[in-house]
Amino acid sequence: MIGLHTLYLLAGAMFAAFALLSALDRSHPKRFGNAAFWGLMALSLLGGDAIGDLGNGLLVLGLAGLAGFGFIGRSNPATTTMAEREVSSEQLGNRLFLPALIIPVTALLGTLAYNYTLLGGTGWIEAKRETYVFLGLGVLLAIGAIFAWLRPPALAPLQEGRRLIDAIGWAAVLPQMLASLGVLFAAAGVGDAIGSLTRMVIPDGSIFLTVAVFGLGMAIFTMVMGNAFAAFPVMAAAIGVPLLIKQYGGDPAVVGAIGMLAGFCGTLMTPMAANFNLVPAALLELKDQYGVIRAQIATALPLLAINILLIYVAAFR
Amino acid sequence: MINYWPLIGIALVVAGFALKLNPMLVVTASAIVTGLIAGMGPVEVVETFGKAFNDNRIIAIVWIVLPVVGLLERFGLQQRAAAVIRSLRNATTGRLLILYLLYRQLTAAIGLHSTAGHPQTVRPLVAPMALAAAEKQHGELSEADAEEVKAFAAATDNVGLFFGEDIFFAIGSIVLIQQTLVTYGYNLAPLELALWAIPTAIAAFVIHSFRLMLLDRRLARNGR
């Protein structure tokens with residue numbers, strides 16, 4: 001069966017190649033730091049299940065140390081100049097979009113075909129992971145198509161990939177670190193503490209203020225944890241179920257669904273949601289690492305207010 | 001009696017981010033402190049952190065698109081995306097991003113949320129197109145304007161994803177809501193929850209589109 005492990009092998013092999021090419025890059029002032037950093041990522045993806053919990057823990061400490069103390073940096077593998085790209089763009093014309101569309105189209109059609117035709121009947125892909133598998137397939141097809149058409153140098157995909165991953169740097173690993181931090185927060189009882197703090201500020205008897213604290217609590221706790229998934233069970237246990245649903249008779253579907261969306265407004269406003277907010281800032285080479293968050297706040301706040309009103313109006317019809 | 005000491009871990013993260021210390025170190029320090037406060041031994045903390053990291057490797061898979069994105073950049077894809085926008089007479093940054101917002105919400109609503117994203121679509125296509133449209137409206141962009149346009153391209157992807165995906169009933173967050181409420185004896189159909197995501201989705205589209213139109217006006221006013 002094809003599933004996540006196949007994709008870990010693919011991604012692991014790619015990071016291993018990034019590590020090797022970094023080590024061989026004499027023009028790179030921090031080449032061994034980068035080689036170690038991407039080498040550890042390769043080890044995690046290829047051998048994470050074999051090195052034990054302590055091994056993985058030391059691996060993470062290694063990643064944090066290399067990134068935190070400035071041992072990694074940008075690279076400049078050989079690529080085309082801006083002028084060459086303009087010329088190439090003119091010559092190739094809009095056909096250049098075709099290979100770019102291979103990945104999304106493969107993921108899209110593959111997912112649809114797998115779920116709605118006989119293709120998926122035999123269950124040859126790990127359940128719920130078909131989009132990832134078709135994403136991986138799309139990557140391989142796109143590389144194949146580009147080689148057949150444009151004949152780049154053999155190492156070009158890996159060197160170009162390394163150029164981009166080095167531009168992103170540690171931000172590429174941070175989302176996984178934050179998810180792991182969330183596990184420790186949960187183990188330490190952070191959720192219970194936040195829930196009990198929230199209950200302290202609730203005024204008695206006002207449905208609207210209780211709804212407002214619930215919505216704000218979802219958003220703020222999501223900002224702290226970087227993830228509405230972590231906030232929802234806590235806020236549901238503290239306010240949503242005992243007060244809004246049980247005491248005031250609110251519709252559980254509304255409280256649940258829109259409560260979660262109030263949390264998503266928080267996701268738009270926090271650096272803790274690194275993969276949505278910090279990674280794109282690195283990927284688009286913004287000067288301000290909080291630039292994406294700044295662009296989102298004025299959408300998130302009015303939307304949060306609307307979510308609170310929606311719960312108040314729709315749950316207590 | 002509720003134990004409030006674990007909140008020190010959160011305080012560390014907030015302080016670290018506010019001081020713009022390296023987030024990798026901030027997160028690691030907070031994880032270790034939080035684990036120790038929770039009564040774990042030092043080795044157990046490292047083990048728990050490592051196991052969680054290994055369990056979350058799925059997050060790293062998306063980077064396999066980088067070699068393709070890089071190859072296409074090598075052959076001038078960003079320049080091509082910009083050229084197409086320049087050839088459209090009525091294209092503006094705001095209109096383009098509103099269209100992308102709609103596309104992102106609709107595809108996410110039918111479960112195709114992983115087919116677009118920051119590495120797959122924003123960096124190679126959406127951001128260069130938005131920049132080209134802005135230059136058409138405005139002439140040469142100042143660095144601050146270019147930063148803002150790129151930031152809005154990324155923001156539009158996030159807004160479209162977050163407030164589209166919950167309309168799809170088989171997504172993780174819907175399952176989580178359902179599972180959480182079941183433990184209290186409320187057994188809801190996923191479809192019932194997904195339906196209640198629609199009003200917020202519409203509100204998100206209206207609010208963010210309005211802001212994109214304001215962005216257009218700002219670009220036009222500052223320009224030629």
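Chain B of the predicted model is divided into two domains, domain 1 covering residues 7-55 and domain 2 covering residues 62-222. The centres of domain 1 and domain 2 of chain B, taken over C-alpha atoms, are separated by 32 Å. For chain A, the domain assignment gives domain 1 (4-68), domain 2 (82-161) and domain 3 (174-315).

The interface between the chains was examined next. On the side of chain B, 99 residues are in contact with 118 residues of chain A. The element of chain B that gives the most to this side is helix 8 (residues 143-165), with 11 residues. By residue class, the side of chain B that touches chain A divides into 62 nonpolar, 24 polar and 13 charged residues.

The largest nonpolar core comprises 182 residues. Those with the most contacts inside this core are Leu63(A), Met235(A) and Ala257(A), together with Met129(B), Ala130(B) and Phe152(B). Helix 11 of chain A (residues 228-247) supplies the largest share of the core, namely 13 residues. For Ala130(B), when neighbours within four places in sequence are left aside, the contacts are Thr93(B), Leu96(B), Leu97(B), Val149(B), Phe152(B) and Ala153(B).

Within chain A, the packing of helix 1 (residues 4-24) against helix 7 (residues 156-168) was considered. The axes of these two helices come within 10 Å and cross at roughly 85°. Because angles of 65 to 115 degrees count as roughly perpendicular, helix 1 of chain A and helix 7 of chain A are described as roughly perpendicular to each other. Helix 1 of chain A contributes Met14(A), Ala17(A), Phe18(A), Leu21(A) and Ser22(A) to the contact, and helix 7 of chain A contributes Leu158(A), Gln159(A), Gly161(A), Arg162(A) and Ile165(A). The residues of this contact divide into 6 nonpolar, 3 polar and 1 charged.

A further position in chain B, Leu102(B), is placed in helix 6 (residues 93-109) of that chain. The C-beta atom of Leu102(B) has 14 others within 10 Å, so the residue is classed as partly exposed; a residue counts as buried at 20 or more such atoms and as exposed at 12 or fewer. Leu102(B) and Trp196(B) are 94 residues apart in sequence, and their C-alpha atoms are 18 Å apart in space.

Note on methods
Residues numbered from 1 in each chain as written. Chains lettered and ligands numbered in written order. Predicted model: local features only at pLDDT ≥ 70, side-chain atom pairs only at ≥ 80, totals over all residues. Axes fitted to C-alpha atoms, helices over the stretch in contact; angles between N-to-C directions. Helix = DSSP H or I, 4+ residues; strand = E, 2+ residues; numbered from the N terminus. Parallel < 35°, antiparallel > 145°, perpendicular 65-115°, else oblique. Contact = placed C-beta atoms within 7 Å. Nonpolar A, V, L, I, M, F, W, Y, C, P; charged D, E, K, R; others polar. Core = buried A, V, L, I, M, F, W, Y, C linked by C-beta atoms within 7 Å. Domains from an automatic or database assignment.
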